[in-house]
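Thanks for coming. I will go through one model today, starting from the sheet and working out to the side chains.

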Amino acid sequence: MEGKDNYRESKRIVFVTVGTTSFDSLVRAVDTEQVKEALLKKGYTHLVIQMGRGSYIPKKSIGEDGSLVVDYFMFSPSIASYMKSASLVISHAGIMPDPRLKL
């Protein structure tokens, strides 16, 4: 079991979540080589993207040649385990209301 704990500690996950929305611009932004390289330089090993109803499909990677492991999914009954295992969570704070609306 000790080896399993060491593996968990060496695995640094970035979890990106958009909930049930469509937020292709966020998913597309984290799927760029620039962002992936920056995450690797910061010591992250995995990027997991929950893409909701978006139409942009991120590029999966198995981490060959020391690159970032990238995976994605649309929905999950619960994202609690993803958030718990993540070293960094990237999300959005909701939508901005139309400034013409009187709230």
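**The sheet and what packs on it**

Five strands make an open sheet with mixed pairing, in the order E3-E4-E2-E1-E5. Helices (H or I, at least four residues) and strands (E, at least two) are DSSP runs, numbered from the N terminus. Two strands count as paired if DSSP finds at least two bridges between them.

Before going further, the ground rules. This is a predicted model: local features need pLDDT of at least 70, side-chain atom pairs count only at pLDDT 80 or more, and totals for chains, interfaces and linings use all residues. Residues are numbered from 1 along each chain as its sequence is written, and side-chain values use heavy atoms, with hydrogens and water left out.

E3 pairs with E4 in the antiparallel sense, over two bridges.

Now strand E2, residues 46-50. Five bridges join E2 to strand E1 (residues 13-17), and the two run parallel. Another five join E2 to strand E4 (residues 69-73), also parallel. For reference points, Phe-15 has Val-48 as its bridge partner in E2, and Ile-49 stands opposite Tyr-72 in E4.

Is E2 mostly covered or mostly open? Mostly covered: five of its five residues are buried, where buried means under 20% relative accessible area, exposed over 50%, and partly exposed in between (1.4 Å probe, protein chains only). His-46, Val-48 and Gln-50 point one way from the strand, and Leu-47 and Ile-49 the other way.

That brings me to the cores. I define a nonpolar core as a set of buried Ala, Val, Leu, Ile, Met, Phe, Trp, Tyr and Cys residues joined through side-chain atoms within 4.5 Å. The largest has 14 residues, and the ones with the most contacts inside it are Val-14, Val-16, Val-27, Leu-39, Leu-47 and Ile-49. E1, helix H2 (24-30) and E2 each supply at least two residues of this core. H2 gives the largest share of it, three residues. A second, separate core has five residues, among them Ile-13, Val-48, Phe-73 and Ala-86.

For Val-16, leaving out residues up to four places away in sequence, the contacts (heavy atoms within 4.5 Å) are Leu-26, Val-30, Leu-47, Val-48, Ile-49, Gln-50 and Ile-90.

Next, the aromatic rings. Rings of Phe, Tyr and Trp (its six-membered ring) pair if their centres lie within 6.5 Å; planes under 30 degrees apart count as stacked, over 60 as edge-to-face and the rest as tilted. The count by this rule is three aromatic pairs. Phe-15 and Phe-73 have ring centres 6.4 Å apart and planes at 15°, so this pair is stacked. Phe-15 is in strand E1 and Phe-73 in strand E4, 58 residues apart. Both of these residues are buried.

Phe-15 also forms a stacked pair with Tyr-82, at 5.4 Å centre to centre and 15° between the planes. Tyr-82 lies in helix H4 (residues 80-85) and Phe-15 in strand E1, so the pair ties together parts 67 residues apart in sequence. How accessible is each of the two? Phe-15 is at 0% relative accessibility and counts as buried, while Tyr-82 is partly exposed at 28%. Phe-15, Phe-73 and Tyr-82 form one aromatic cluster.

Two rings also have a charge over them, meaning NZ of Lys or CZ of Arg within 6 Å of the ring centre and within 35 degrees of the ring normal. The charged end of Arg-12 is over the ring of Tyr-44, 4.2 Å from its centre. Lys-60 lies over the face of Tyr-72, at 5.0 Å from the ring centre.

Last, two polar side chains. A polar contact here is a pair of N or O atoms within 3.5 Å; within protein, one must be able to donate a hydrogen and the other to accept it, and residues adjacent in sequence count only if both atoms are side-chain atoms.

Ser-61 is in strand E3 (residues 61-62) and counts as buried at 17% relative accessibility. Its side chain reaches the backbone oxygen of Leu-68 at 3.1 Å, and its bridge partner in E4 is Val-70.

Gln-50, in strand E2, is buried with a relative accessible area of 3%. What does its side chain reach? The backbone nitrogen of Val-18, at 3.1 Å.
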